[in-house]
Amino acid sequence: MLGLAALLPMALPASYPTVPMKGIGGKDLGMPLVGLGTWQYNSSVAEAAVKLAFSLGYRHVDTALGYGNQDGVGRGLAAASAAAGLKRADYFVTSKIPGGLNTSAATAALDQALEQLFPGDKDAYVDLMLQHFPASWSGEGGPSLRKEQWLAMEAWAHKGKAKALGISHYCARHLDDVLSVATEPVSLNQVQYHVGMGQQNATFCHDPEYMKAKGVVYMSYSSLCGPCPPPDNTELISGDLVTSIGAQHGKTGAQVALRWLVQQGIPVIPKSSSATHLSENFDLFSFTLTAEEMNRLHLATSPVETGTPPQPPDDAQDCSVP
């Protein structure tokens, strides 16, 4: 189910699996199954986290124009590359631009994102660029702008500025809008997915089976339910289910929750600026969960997706976006 590092033109260790996906021109690409998330980090924290993570072996970082930290991510990448003697092809960068943009606004956002990450580099590119939301954050845009923005992203990628394009927070009908005009693969959909959501229906979990059927890689963010309200925000770290399984493998509860995802071929981007936690989050391929353990985790019904009523609107309402 998992591709190995040979799929990537990167200097990755053989123990660092990747997930295969189709890029621009239908080219076969691979994305590291584990990367560093940077949401909610300011530029200085993001810079330090990238340098530390890459010193520990990470070769994938996830950021977004809307995070306001891409300058720090870029400095971290430059420093980490120099320290490890990495070429640009040796690591993977994912970024995102806001949804609900017309052609000119989308192109400007794409150029801004790239300049923030790689200032002054005329040959700069991202490995994966995503539409961050199926509309503006306030819900404006609809099918017409989803289509227009996607085509603007394709035109930008054709200039060599992205190796693959994708989406985030998208549900099946949002994807269908894009597929109706797309001339390039929709490589990936990044959505909230974690232990506790395995039994939820397509409306809540963005329909992973539909995405896979359309050739779209299903990727998890908030894999440990970090933004969930207490006590859900710690259940996948110190809760009884994950810690009891972890004890059987000499691993932490968080490692079990993350392993449940990558063992299904679902990429993860856990966030940390701690060397201990970064190392643990990266150590997901030295053990294998049994079929019985995978099933127990799949059958868990908590923690639920953030925004599930009566929580305030959040990811669980993505599928109601016009």
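Predicted model: local features only at pLDDT ≥ 70, side-chain atom pairs only at ≥ 80, totals over all residues.

Me: What joins β7 to β8?

Reply: Two bridges link β7 (residues 165–168) with β8 (residues 188–192), and the two strands run parallel. Ile167 is opposite Asn189 in β8, while Ser168 has Gln190 as its bridge partner there.

Me: And how many residues of β8 are buried?

Reply: Five of the five, so β8 is largely enclosed by the rest of the structure. Leu188, Gln190 and Gln192 point one way from the strand, Asn189 and Val191 point the other way, and all are buried.

Me: What about Ser187, buried or exposed?

Reply: Ser187 is buried, because its relative accessibility is 1%, under the 20% cut-off. Ser187 sits in the loop between α5 (172–179) and β8. Leaving out residues up to four places away in sequence, Ser187 touches a list that includes Met21, Lys22, Leu128, Leu165 and Val217.

Me: How far apart are Ser187 and Ser223?

Reply: They are 20 Å apart in space, C-alpha to C-alpha, and 36 residues apart in sequence.

Me: Changing topic: which residue does the UniProt "active site" annotation cover?

Reply: Tyr67, according to the unreviewed UniProt entry. In the model, Tyr67 lies in the loop between β4 (60–62) and α2 (70–84).

Me: Is Tyr67 buried or exposed, and what is it in contact with?

Reply: Tyr67 counts as buried, at 18% relative accessibility. Setting aside neighbours within four places in sequence, Tyr67 is in contact with Thr38, Trp39, Tyr41, Asp62, Lys96 and His132.

Me: Where is Ser136?

Reply: Ser136 is in the loop between β6 (128–131) and α4 (142–161). With a relative accessible area of 16%, Ser136 is buried too. Beyond residues up to four places away in sequence, Ser136 touches Gly99 and Gly100.

Me: OK, helices. How do α9 and α12 cross?

Reply: The axes of α9 (residues 240–247) and α12 (residues 291–299) come within 11 Å and cross at roughly 170 degrees. The two helices are therefore roughly antiparallel.

Me: Which residues make that contact?

Reply: Leu241, Val242, Ser244 and Ile245 from α9, with Glu293, Arg296 and Leu297 from α12. By class, that contact has four nonpolar, one polar and two charged residues.

Me: Now the backbone. Where are the cis peptide bonds you'd point me to?

Reply: One joins Pro230 and Pro231, with omega about 0 degrees. Pro231 is in the loop between β9 and α8 (232–238). The peptide bond from Pro309 to Pro310 is also cis, with omega near 15 degrees, and Pro310 lies in the segment after α12.

Me: And which residues have a positive phi without being glycine?

Reply: Asp207, with phi near 50 degrees, is one of them, and Ser222, at about 50 degrees, is another. Asp207 is in the loop between α6 (202–205) and α7 (208–213), whereas Ser222 is in the loop between β9 and α8. Ser222 also counts as buried, at 16% relative accessibility.

Technical notes: Residues numbered from 1 in each chain as written. Heavy atoms only, no water. UniProt positions renumbered as here; feature names shortened; annotations may be inferred. Helix = DSSP H or I, 4+ residues; strand = E, 2+ residues; numbered from the N terminus. Buried < 20%, exposed > 50% of the residue type's maximum accessible area, 1.4 Å probe, protein only. Contact = heavy atoms within 4.5 Å. Pairing = 2+ DSSP bridges. Axes fitted to C-alpha atoms, helices over the stretch in contact; angles between N-to-C directions. Parallel < 35°, antiparallel > 145°, perpendicular 65-115°, else oblique. Nonpolar A, V, L, I, M, F, W, Y, C, P; charged D, E, K, R; others polar.
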